[in-house]
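Subject: Handover of a structure, with findings

Dear colleague,

Please find below the structure that I am handing over to you. My findings follow it, arranged by topic so that you can check each of them against the display.

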Amino acid sequence: MLNITRVHHIAVICSDYTVSKEFYTQTLGLKVIREVYRAERQSYKLDLALGGTYVLELFSFPNPPARASFPEAAGLRHLAFETDHVEAAKAALNQKNVATQEIRVDATTGKRFFFFSDPDGLPLEIYEQ
């Protein structure tokens, strides 16, 4: 029997490791668990704590291919982060010069949300708890 209990981690490949590391740690405020350089792969792997429950893995690889389209490429469409304060999250991102879309309301749940992008254009979402 397959017994999946939760998401273990989320992995993101970035094109500029330094820029993405700063974005996820300084702009979004995720905490570094560990950082490893894997010389044989010419790759960094950065484990970031996400709310004490999840881990976001940030990878660098030489010359990764670009995302096929935005945001409707096959595969992961976007990564959503939850917050108690949608307006405050939007204001904080805007103060750090991160462009955000307008706050919308999910027609199904009635919850508020908005989208923005990481340095590689990966669609990210802030969703009301």
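**The second largest pocket**

The lining of the second largest pocket consists of 8 nonpolar, 3 polar and 2 charged residues. Please bear in mind throughout that this is a predicted model. The lining comprises 13 residues, and those nearest the centre of the pocket are L28, F81, E82, A89 and I126. The volume of this pocket is about 260 Å³. Rolling a probe the size of a water molecule over the atoms is what shows where empty space is left. Strand β5 and helix α2 each contribute at least two residues to the lining.

**Helix α2 and the residue after it**

Helix α2 covers residues 86–95, and its buried residues are V86, A89, K90 and L93. Viewed down the axis of α2, these buried residues fall within an arc of 100 degrees, so they line one face of the helix. Among the elements that cover them are α1 (17–27), β5 (79–83), β7 (112–117) and β8 (123–128).

The phi of N97 is near 60 degrees, a positive value in a residue other than glycine. Why does N97 count as exposed? Its relative accessible area is 73%, and exposed means over 50%.

**Helix α1**

The N-terminal end of α1 is capped by D16, which has a side-chain oxygen 3.2 Å from the backbone nitrogen of T18. Within α1, the buried residues are Y17, S20, F23, Y24, T25 and T27. Just after this helix, G29 adopts a positive phi of about 80 degrees.

**N63, a further positive phi**

N63 is located in the loop between β4 and β5. Its phi is near 55 degrees, which is positive although the residue is not glycine. For context, most residues other than glycine have a negative phi. N63 is exposed, with a relative accessible area of 75%.

**E57 in strand β4**

E57 lies in strand β4, which runs over residues 54–60. Is E57 buried or exposed? With a relative accessible area of 11%, E57 is buried, because a residue under 20% counts as buried. The side chain of E57 makes a polar contact of 3.4 Å with the side chain of K45. Apart from its neighbours within four places in sequence, E57 is in contact with H9, I10, A11, V12, K45, L46 and D47.

**V7, before strand β1**

V7 belongs to the segment before β1 (9–14). Its relative accessibility is 42%, so V7 counts as partly exposed. How far apart are V7 and Y54 in sequence and in space? They are separated by 47 residues in sequence, while the distance from C-alpha to C-alpha is 7.2 Å.

A colleague

Note on methods
Residues are numbered from 1 along each chain as its sequence is written. This is a predicted model: local features need pLDDT of at least 70, side-chain atom pairs count only at pLDDT 80 or more; totals for chains, interfaces and linings use all residues. Side-chain values use heavy atoms; hydrogens and water are left out. Helices (H or I, at least four residues) and strands (E, at least two) are DSSP runs, numbered from the N terminus. Buried means under 20% relative accessible area, exposed over 50%, partly exposed in between (1.4 Å probe, protein chains only). A polar contact is a pair of N or O atoms within 3.5 Å; within protein, one must be able to donate a hydrogen and the other to accept it, and residues adjacent in sequence count only if both atoms are side-chain atoms. Contact means heavy atoms within 4.5 Å. The arc is that of the directions from the helix axis to the C-beta atoms. On a 1 Å grid over the protein atoms alone, a cavity is a set of points where a 1.4 Å probe fits but cannot get out, and a pocket is an open set with protein on both sides within 12 Å along at least five of seven lines; lining residues have an atom within 4 Å of a point. Grid points are joined across faces, edges and corners, and a volume is the space filled by probe spheres set on the points. Ala, Val, Leu, Ile, Met, Phe, Trp, Tyr, Cys and Pro count as nonpolar, Asp, Glu, Lys and Arg as charged, and the others, Gly among them, as polar.
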